[in-house]
Amino acid sequence: MKRSTLTTFVSLALLLSGSALADDQALREKAARAGLAPLPETVPDPSGNPVTPEKVQLGKKLFFEPRLSASGLISCNTCHNLGMGGDDNLPTSVGHGWQKGPRNAPTVYNAVFNRAQFWDGRAADLKEQAKGPIQAGVEMANRPDQVVATLKSLPKYVDWFSEVFPGEEDPVNFENVVKAIEAFEVKLVTPGAPFDRFMKGADTAMSAEQKDGLALFVDRGCTACHNGINVGGQNYFPFGLIKRPGADILPPEDKGRFEVTHSASDEYVFRAAPLRNVALTAPYFHSGQVWDLKQAVSVMGTAQLGAELSDEEAGKIVAFLQSLTGVAPQILYPALPVETAATPRPQL
């Protein structure tokens, strides 16, 4: 190759490289302006609940403890399976007596970054959220006093609660149960997603198709609802803002946030789903009636944006959503104390 030709080739390569770098930086800036952000390096302690390693370990045991349920069969992990994306991959969860719950179980991963918990936002934080399923008749069907009696019947739990909540006259109580569970769930974050690495400057962390999908996600207006650290989970919106889906996807009997506020303007309003790890958490929507992520994207385009996304556009947005899959923490299943003669018997 002649010197002049080589020089021209190198110059062209540098020009193209510089152009790509500029395009990547422009895309990062576009995403940031639209409200998208990488996961933070650290998670602050929840309000009124200082997190310690010992409290996290106790919360981990309680998260996996099926005896928090009346049947002795259902734990937090049953519906928020940490090996399956933090949910149960069912349309709606199966609870006490094989009852089916009314809504799809959201993932517990990164839930700490949500503005509120549950599809209707009825719980302000993870501690309040933890109280709900334990007492819900369709889920764990238990009572706080029965939970406390069960834990007090197991000497190891009495020791652990005394260590985690020192100085308290009666540390084994329902409020401390949910504080410990909250402390564990705060640690269930999934950093290291390709999107996060791209936003922090790693140009090659996302594929060209994923970058195209990110640009479409912003340009089409998806970030109006799905923004922030968790790419959603921050605000409430009508499902069917432009065109209401059919009853198979939007069951008419579930009026969403209306059941919390009793305001007519909140009928069929739900919290925007957080989209981190969404590729792992099918089926989709509060009804759990859509199993294919591309179909879910198309439904959102029609229902929320009034846009008929082409198959290629939906595919690129799906590719971007796959870039939101992070690295889950390694969780070893804990050894739990053996029941004693005083432990309440299962109620099936």
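Lys-211 is buried, at a relative accessible area of 15%. Buried means under 20% relative accessible area, exposed means over 50%, and partly exposed lies in between (1.4 Å probe, protein chains only). This is a predicted model, in which local features need pLDDT of at least 70, side-chain atom pairs count only at pLDDT 80 or more, and totals for chains, interfaces and linings use all residues. Residues are numbered from 1 along each chain as its sequence is written, and side-chain values use heavy atoms, with hydrogens and water left out.

**Salt bridges**

The side chain of Lys-211 meets that of Asp-24 in a salt bridge. Lys-211 lies in helix 9 (residues 208–219) and Asp-24 in helix 1 (residues 3–33), so the pair ties together parts that are 187 residues apart in sequence. Asp-24 is buried too, with a relative accessible area of 10%. A salt bridge here is a side-chain nitrogen of Lys or Arg within 4 Å of a carboxyl oxygen of Asp or Glu. Helices (H or I, at least four residues) and strands (E, at least two) are DSSP runs, numbered from the N terminus.

The whole structure has 20 salt bridges. Three of them are set out below.

| Pair | N to O distance |
|---|---|
| Lys-211 and Asp-24 | 3.0 Å |
| Asp-254 and Arg-103 | 2.8 Å |
| Asp-212 and Lys-316 | 3.5 Å |

Asp-212 sits in helix 9 and Lys-316 in helix 12 (residues 311–322), 104 residues apart. Asp-212 is partly exposed, at 36% relative accessibility. Salt bridges that share partners join Arg-103, Asp-120, Arg-122, Asp-254 and Glu-259 into one network.

**The cavity**

The structure holds one cavity of 30 Å³ or more. A cavity is a set of points on a 1 Å grid over the protein atoms alone where a 1.4 Å probe fits but cannot get out; lining residues have an atom within 4 Å of a point. The largest cavity has a volume of about 660 Å³. Its lining counts 37 residues, and His-226, Ala-273, Leu-275, Phe-285 and Met-300 lie nearest the centre.

Which helix gives the most to this lining? Helix 11 does, with seven residues. The lining divides into 26 nonpolar, eight polar and three charged residues. Domain 1 (53–186) and domain 2 (191–323) both give residues to the lining, so the largest cavity lies between them. The domain bounds come from an automatic or database domain assignment.

Definitions and conventions: On a 1 Å grid over the protein atoms alone, a cavity is a set of points where a 1.4 Å probe fits but cannot get out, and a pocket is an open set with protein on both sides within 12 Å along at least five of seven lines; lining residues have an atom within 4 Å of a point. Grid points are joined across faces, edges and corners, and a volume is the space filled by probe spheres set on the points. Ala, Val, Leu, Ile, Met, Phe, Trp, Tyr, Cys and Pro count as nonpolar, Asp, Glu, Lys and Arg as charged, and the others, Gly among them, as polar.
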